[in-house]
Amino acid sequence: KGLTNAIISNSVTTIGKEAFQNCKSLTNVNIPNSVTTIGEQAFAYCEKLTSMDIPNSLTTVESGTFRDCKKLTSVNIRSGVKTIGMEKSIGRGAFAYCKKLVNVTIPNSLTTIESQCFWDCRSLKSIIIPNSVKSIENSVFSGCLSLTEINIPNSVKSIGQSAFSLCHNLISITLPNSLTTIESQCFLDCGLNSITIPGNVTVIKRQAFYSCDGLTSINIPDGVKTIG
């Protein structure tokens, strides 16, 4: 618990599961270009870690890697990263409960943002989703209270259940034409005041816009066959 600084030598290629978990005084980590894999929850609960620069050499970061890093404000994920959690994805709960995280750079080498990746990142104001992303899974941005607008590229084919739930200040979102289903509770308790449903959507599931108190306008296209 007294460890404040970690310098990892160039001979290291893997940082294993829970390697620095619960190092509550750790403020700085230097990860060299030799490292290709960071294990599950490797830096989880490092409460004083403020920023992380992930090197180009890194190809794999497992789920929950930075979970509950309460002072983490900035993460730069470089284009060398192909896997965070599962193949070509950002892992499940990778940044969950990083309550001061403001800036995240996602490279265009990733195709999936896994479940609960940014769960309760209540300071996250904006994020750019690259055209390589095809799937945004369940509860990815749930509880991101500072998120005000987001643009989802046409590469995205699916958005999971509760993906944007409890985003109280999310007033603007652009949904891609590639989307066919709006999942359950997708925008539950959001700050949206209007939304246009893309023309290819055929199903709107239960409670998709539940408790969106400010929603005054919604355009539902002719192709929609089911409203839950």
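Accessible areas here come from the Shrake-Rupley method with a 1.4 Å probe, and for residues only the protein chains shown count as cover. This is a predicted model, where local features need pLDDT of at least 70, side-chain atom pairs count only at pLDDT 80 or more, and totals for chains, interfaces and linings use all residues. Residues are numbered from 1 along each chain as its sequence is written, and side-chain values use heavy atoms, with hydrogens and water left out.

**Exercise 1. Work out how much accessible surface the protein has, and what share belongs to carbon and sulfur atoms.**

Step 1: the total is about 10100 Å².
Step 2: carbon and sulfur atoms own 45% of that.

**Exercise 2. Check the radius of gyration of the protein against that of a compact globule.**

Step 1: grab the rule, which is 2.2 Å times the number of residues to the power 0.38, with the radius taken over C-alpha atoms.
Step 2: for the outline, the C-alpha atoms fill a box of roughly 60 × 30 × 20 Å along the principal axes.

**Exercise 3. Count the helices and strands.**

Step 1: know what you're counting: DSSP runs, numbered from the N terminus, with helices being H or I of at least four residues and strands being E of at least two.
Step 2: you get 0 helices and 20 strands.

**Exercise 4. Find the residues that touch the most other members of the largest nonpolar core.**

Step 1: a nonpolar core is a set of buried Ala, Val, Leu, Ile, Met, Phe, Trp, Tyr and Cys residues joined through side-chain atoms within 4.5 Å. Buried means under 20% relative accessible area, exposed over 50%, and partly exposed in between (1.4 Å probe, protein chains only).
Step 2: the core has 68 residues, and Phe43, Phe95, Phe118, Phe141, Phe164, Ile182 and Phe187 touch the most other members.
Step 3: β5 (51-54) and β7 (74-77) each supply at least two residues of this core.

**Exercise 5. Compare Tyr45 with Val133: is each one buried or partly exposed?**

Step 1: Tyr45 sits in the loop between β4 and β5, and its phi is positive, near 65°, though it isn't a glycine.
Step 2: Tyr45 has a relative accessible area of 25%, so it's partly exposed.
Step 3: Val133 lies in the loop between β11 (112-113) and β12 (135-136). Its relative accessible area is 0%, so Val133 is buried.
Step 4: beyond its neighbours within four places in sequence, Val133 is in contact (heavy atoms within 4.5 Å) with Leu110, Thr111, Ile113, Ser155 and Val156.
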